[in-house]
Amino acid sequence: LLINYVLLLRRLFTRKRFAFWGHGLNMQAKEKSFLNRFKKLYSNYTDHWFAYTSGVKNRLVDSGYNANQITVVDNAIDTRKLISQFNSITETEVSSLKEQLRIEEGETVFIYCGALYKEKRLAFLIDSGDRIAALGYRFKLIVIGGGPDAAFVQQAMQTRPWLQMTGPKFDREKAL
């Protein structure tokens with residue numbers, strides 16, 4: 001995000017504080033890629049880090065960042081709520097959804113649930129589906145989510161009967 005560079009520069013010349021939030025690296029790129037090496041270089045010039053996980057914190061500390069200036073936010077899904085919602089689903093609801101998604105008896109179902117944008121490598125996901133289909137397997141790939149690349153998935157659906165997209169789902173509807 002280009003605004004980060006502006007805010008980092010502002011921090012150098014004013015008393016305004018600045019914090020990063022996230023992984024500390026682009027998790028879709030190789031750790032030693034040019035952009036990730038650049039990111040490591042400037043990541044220590046912030047007043048505080050809000051790290052997604054303790055693993056991110058450990059990586060930041062290993063790169064020389066002060067552990068006392070890192071808050072681990074455990075950015076994750078509340079799996080207890082999701083499990084509770086999943087356990088409340090009836091067989092009738094499952095049957096109805098299978099009919100709606102045209103899932104046939106004996107088909108394996110793969111689910112992608114997340115944001116739809118370039119870094120999620122949706123082309124790789126669909127190419128993998130093409131390879132599985134070419135081997136003769138019977139399956140459905142259900143894509144749950146929304147984002148800038150939703151049209152890419154919708155276009156791919158036109159020629160792939162094994163691919164379905166539901167759009168974003170939340171709470172109990174996502175568990176179903």
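The following dialogue discusses how to read several features of a predicted model.

Colleague: Which conventions apply to this predicted model?

Modeller: Residues are numbered from 1 along each chain as its sequence is written, and side-chain values use heavy atoms, with hydrogens and water left out. In this predicted model, local features need pLDDT of at least 70 and side-chain atom pairs count only at pLDDT 80 or more, while totals for chains, interfaces and linings use all residues.

Colleague: How many helices and strands does the chain have, and in what pattern do they follow along the sequence?

Modeller: Helices (H or I, at least four residues) and strands (E, at least two) are DSSP runs, numbered from the N terminus. In this chain there are eight helices and six strands. Along the sequence they follow the pattern α-β-α-β-α-β-α-α-β-α-β-α-β-α.

Colleague: What radius of gyration does the chain have, against that of a compact globule of 176 residues?

Modeller: The radius of gyration is taken over C-alpha atoms, and the globule rule is 2.2 Å times the number of residues to the power 0.38. A compact globule of 176 residues would come near 16 Å, but this chain has 21 Å. Its C-alpha trace spans about 60 × 35 × 25 Å along the principal axes. As to contacts (heavy atoms within 4.5 Å), 55% of those between residues at least 6 apart in sequence join residues at least 24 apart.

Colleague: What is the strand order in the sheet that contains S1, and how are its strands paired?

Modeller: Two strands pair if DSSP finds at least two bridges between them. S1, S2 and S3 form an open sheet in the order S1-S2-S3, with parallel pairing. The edge strands are S1 and S3 (70-72), each of which pairs on one side only. The twist averages 15° from one strand to the next; axes are lines fitted to C-alpha atoms, for helices over the stretch in contact, and angles run from 0 to 180 degrees between N-to-C directions. Four bridges join S1 to S2. Ala19 stands opposite His48 in S2, and Trp21 stands opposite Phe50 in S2. Helix H3 (residues 54-62) lies across S1, S2 and S3, at about 160° to S3.

Colleague: Why does Asp47 count as buried, and which polar contacts does its side chain make?

Modeller: A polar contact is a pair of N or O atoms within 3.5 Å; within protein, one must be able to donate a hydrogen and the other to accept it, and residues adjacent in sequence count only if both atoms are side-chain atoms. Asp47 lies in the loop between H2 (34-43) and S2 (48-51). Asp47 counts as buried because its relative accessible area is 16%. Its side chain makes a polar contact with the side chain of Arg11 (3.0 Å) and reaches the backbone nitrogen of Phe18 at 2.7 Å.

Colleague: Where is Arg160, and why does it count as buried?

Modeller: Arg160 lies in the loop between H7 and S6. Arg160 counts as buried because its relative accessibility is 19%. Not counting residues up to four places away in sequence, Arg160 touches Ile126 and Asp130.

Colleague: What is the phi of Arg121, and what is that of Asp171?

Modeller: Phi of Arg121 is near 55°, a positive value in a residue other than glycine. Arg121 is found in the loop between S4 and H6 and is partly exposed, at 47% relative accessibility. Asp171, in helix H8 (residues 171-175), has a positive phi of about 50° although it is not a glycine.

Definitions and conventions:
Buried means under 20% relative accessible area, exposed over 50%, partly exposed in between (1.4 Å probe, protein chains only).
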